[in-house]
Amino acid sequence: MHISLVTTLSYAHHFGCEQRSNIVREYPFPLGLLTLAGVVKSLGHTVDLVDLNLEATECGMGARGLYQILAGRVLSSSPDVIGFTTMCDSYHHTLRIAEELKKMTNVPIVLGGPQATAVDIATLNGFPAIDFIVRGEGEVAFPELLLALDSGTSFEDVRSATFRENGVCTRAMDAPLLLNLDDQPLPDFSYYAFLDRQVHFLPIEAGRGCPFKCDFCSTALFFNRTYRLKGAARLEAEMASLESLFGGGRTFRFVHDMLTVNRNLVGRMCEGLATLSPKRVWSSSARIDCVRPPMLQTMVNAGCNEIYFGIETGSASLQKRIKKNLRLDAVQLRVAEAVELGMTVTCSFMAGFPDETVDDLNESLGLIIALIKTHRSRIAVQMHLLAPYVGTELYERYKDELQFDGYSSDQTGQPVSDADVDMIKRHPELFSNFYYVEGRAMARSQIVGVDTFVYLVLGRFPLTISALQSSGHTPFQIFRLWQAAALSENEPSAISAINTNIDVVVDAIRRMLNRVSNPTRAVARQLFLYECAFVDLAGAHPSQGTAETPTPVRACISLNIDIERAWEAVCDDKLPEVLPLGEYRRYCLVFDRVTGSGRCIQVSAFASSIIRFLDRGMSFGEALPEIARITGLGDSSARSAAIGLIDVLYGNDIVTDEEVRWTNLTAESLRTSSIEEERYGV
Ligand code: B12
Ligand code: SF4
């Protein structure tokens, strides 16, 4: 049979793939469909893979009649069967494209994947366009369904199928879970061969299943809580196959619900991977209570350089209530161990649990700030609003209380049109992830924007926030101050993580600082100015500079912050003691006063000491020994080098006429002045 396998429609929003030729470094490959393509092709079927996101970006996401156009594309290869994969964020698109298809053809339409599995009966009841749903893993069930369709036999024996029989929705018995993933055909990535070397991160399914029972999580149930892990030989075969398509030297994302559950299996897998030549680099997710230092070390030896920890909440009591049950005293320890081993760590948090209190959220925000302060650029934090997924224990408990306000979690993540909203409101049982549950102890209005606050305020302005915190504000109070400032000029949706624009965030911080009155406001303001400069430096973080590596620097005539010392002071809660900040001199910040736009310029430590000199923090004579030390040059060569650099800085408008006049210097006068006699201090 010829099968059209169709992706979800959502990446364009998430990943900004503008054109087929301009694909991002990390493409969200539809791993489930590529896996199924491998399986059914090995059985003699042919497969056309339709990536709706590529198709939609070609004709424009907002194109008139988009669903019709996409349906036409699905039919273009004249399939005998159409199979959609599904996710909660994009289920409305899937259903509407299926409806368009049904107007054009009688070809059977099959849905599979996480969302259709969770809402199989409700979907068949509400949408006649859908003929079949395959629940859970597709490797056994989908070929059985194809066989039944081809031979015209009954669907009763198609395991894991949900179908209509005499107008009644019926579930066939479940297919057994695959216990051995190693012997399955390789996923067929050839459909994306056109990406060639553009993608750097490549996904590999390392295994399936998680035995834990967190009450908000839908994945554990999907794989029936049965943990499986592929062996090193299989993983190597998958990596080699991907490298043959996309080139060597890639980083692999090991996809697994919870890779580190079984210490022995992980140990064996890592031992195998450690012997590979060349050794491959990979990332994975884990629970902090399922990785002790020996396992972390083994993983690092095997090539793991990045780890993702789902922490969810910084409140010990909420940990228990959501059944995550992590011991929070282990968080800092485990993250420190991973960082120490050279890993990059991501810690993910959630907010918006129905019984979450202000204290709970305060503890989460406090833990996030503490993690950022301790680990700086080695750690990334995420904050997701709870999305009540169908199929979770939490959903079952609150499904009668779902409310919709158009402000969705980034776990749902995409803008919806009026027609979508209509559909979502008619079917809360299908689209629960777009809804929320009003908190018992905290109103929805109290947490709007907390996701943006963590990503863009704590993530980009940690010094500013820490300065406010050290003056006595709790993290929750700071969030509320920022939220009030952000909401005073914007609709709630404008500060959602999805739609947000960094300018909205920055303006709100500025307004918030104007409203705060406390002794450290001046400090917070200075730090804010400093951190603003980095907003333009994609990926750069103020804490990244060291004596060895260039520190991002910005031109601001009198703002010279020794950022290392400021960090230390903030982290030790000693900021007020080491005021005023203006006295700290180490790495200078260069701020483009001409455009006033906060243009960022990276300069070396050497250049920064020159600029510091020009900022009249010290005399040329005082600066020179340090310049000589940094450059390793003797005094006289260092002096020539410094003068040359000032010429360059001056010539490139990094320092301005005014500054040069202010220090009573010109490049010319520098050349002629005597070092000992020059003193341009305050
Ligand atoms: C890797 C991953 C991603 C990647 C890649 C996504 C992708 N399109 O493949 C990225 C980071 C981009 C991502 C993004 C998102 N993800 Co995600 N993601 C995962 C993860 C960890 C693994 C998915 C995977 O590749 N599994 C391996 C493959 C082989 O399994 P599979 O896709 O389930 O496919 C099997 C079956 O489902 C079935 N099947 C699948 N499709 C079809 C189709 C047919 C016709 C048939 C018959 C069978 C079938 O057969 C396959 C083989 O057995 C899962 C968690 C998990 N363990 O499942 C979450 C998960 C799928 N993601 C989820 C969500 C919510 C999202 C986001 C909305 C938000 C977010 N969390 O970031 C976005 C949406 C993006 C999108 N629409 O694609 C939820 C989905 C819940 C739901 N009810 O829909 C999950 C389950 C995690 C969770 N939080 O509970 N995700
Ligand atoms: S949140 Fe993580 S640990 Fe908890 S059940 Fe889901 S996959 Fe397992």
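Lys 323 sits in the loop that links helix 13 (316-321) to helix 14 (329-340). Its phi is positive, at about 65°, although the residue is not a glycine. With a relative accessible area of 35%, Lys 323 is partly exposed. Please keep in mind as you look around that this is a predicted model. The protein has 682 residues, and 56% of them are buried. Its secondary structure comes to 29 helices and 19 strands.

**Other backbone points worth a look**

- Asn 224 also has a positive phi without being a glycine, here about 55°. You will find Asn 224 in the loop between helix 9 (219-222) and strand 10.
- Ser 277 and Pro 278 are joined by a cis peptide bond, with omega about -5°. Pro 278 belongs to the loop between helix 11 (263-274) and strand 12 (281-286).
- Gly 459 is in the loop that runs between helix 19 (450-458) and helix 20 (462-470). The relative accessible area of Gly 459 is 23%, so this glycine counts as partly exposed.
- From Gly 459 to Gln 382 is 77 residues along the chain, while their C-alpha atoms are separated by 8.8 Å.

**The shell around ligand 2**

- Ligand 2 is surrounded by residues that include Cys 210, Cys 214 and Cys 217, together with Phe 212 and Phe 216.
- Thr 219, Ala 220 and Met 258 also belong to these surroundings, as do Asp 257, Arg 287 and Lys 324.

**Nonpolar cores**

- The largest nonpolar core holds 117 residues, and those with the most contacts inside it are Phe 254, Trp 282, Met 299 and Trp 482. Because domain 1 (2-171) and domain 2 (200-389) both give residues to this core, it lies between them.
- Beyond its neighbours up to four places away in sequence, Trp 482 touches Gly 449, Thr 452, Phe 453 and Val 457, along with Ile 495, Val 505, Ala 508, Ile 509 and Met 512.

- Lys 230 occupies the loop between strand 10 (228-229) and helix 10 (232-246). Its relative accessible area is 4%, so Lys 230 is buried.
- The side chain of Lys 230 makes a polar contact of 2.7 Å with the side chain of Glu 238. Setting aside residues up to four places away in sequence, Lys 230 touches Glu 238 as well as Leu 181, Asp 182, Glu 205, Ala 206, Gly 207, Leu 235 and Met 269.
- Asp 120 lies in helix 7 (residues 120-126). At a relative accessible area of 1%, Asp 120 is buried.
- The side chains of Asp 120 and Thr 162 are joined by a polar contact of 2.8 Å. Apart from neighbours within four places in sequence, Asp 120 is in contact with Thr 162, Ile 133, Arg 135 and Arg 171.

**Contacts across the sequence**

- Among contacts between residues at least 6 apart in sequence, 74% join residues at least 24 apart.
- Val 39 is part of helix 2 (residues 31-42). Val 39 has a relative accessible area of 6%, which means that it is buried.
- Val 39 and Pro 185 are 146 residues apart in sequence, yet 5.7 Å apart in space from C-alpha to C-alpha. Leaving out neighbours within four places in sequence, Val 39 is in contact with Pro 185, Gln 184, Glu 139 and Pro 143.
- Tyr 191 is placed in the loop between strand 7 (168-171) and strand 8 (201-205). Tyr 191 and Asp 48 are 143 residues apart in sequence, with a C-alpha to C-alpha distance of 8.6 Å.
- The side chain of Tyr 191 makes a polar contact with the side chain of Lys 41 at 3.2 Å. Not counting residues up to four places away in sequence, Tyr 191 touches Lys 41, Leu 34, Ala 37, Val 47 and Leu 49.

Terms used. Residues are numbered from 1 along each chain as its sequence is written. Chains are lettered from A and ligands numbered from 1 in the order in which they are written. This is a predicted model: local features need pLDDT of at least 70, side-chain atom pairs count only at pLDDT 80 or more; totals for chains, interfaces and linings use all residues. Side-chain values use heavy atoms; hydrogens and water are left out. A residue is near a molecule or strand if one of its heavy atoms lies within 4 Å of it. A nonpolar core is a set of buried Ala, Val, Leu, Ile, Met, Phe, Trp, Tyr and Cys residues joined through side-chain atoms within 4.5 Å. Buried means under 20% relative accessible area, exposed over 50%, partly exposed in between (1.4 Å probe, protein chains only). Domain bounds come from an automatic or database domain assignment. Contact means heavy atoms within 4.5 Å. Helices (H or I, at least four residues) and strands (E, at least two) are DSSP runs, numbered from the N terminus. A polar contact is a pair of N or O atoms within 3.5 Å; within protein, one must be able to donate a hydrogen and the other to accept it, and residues adjacent in sequence count only if both atoms are side-chain atoms.
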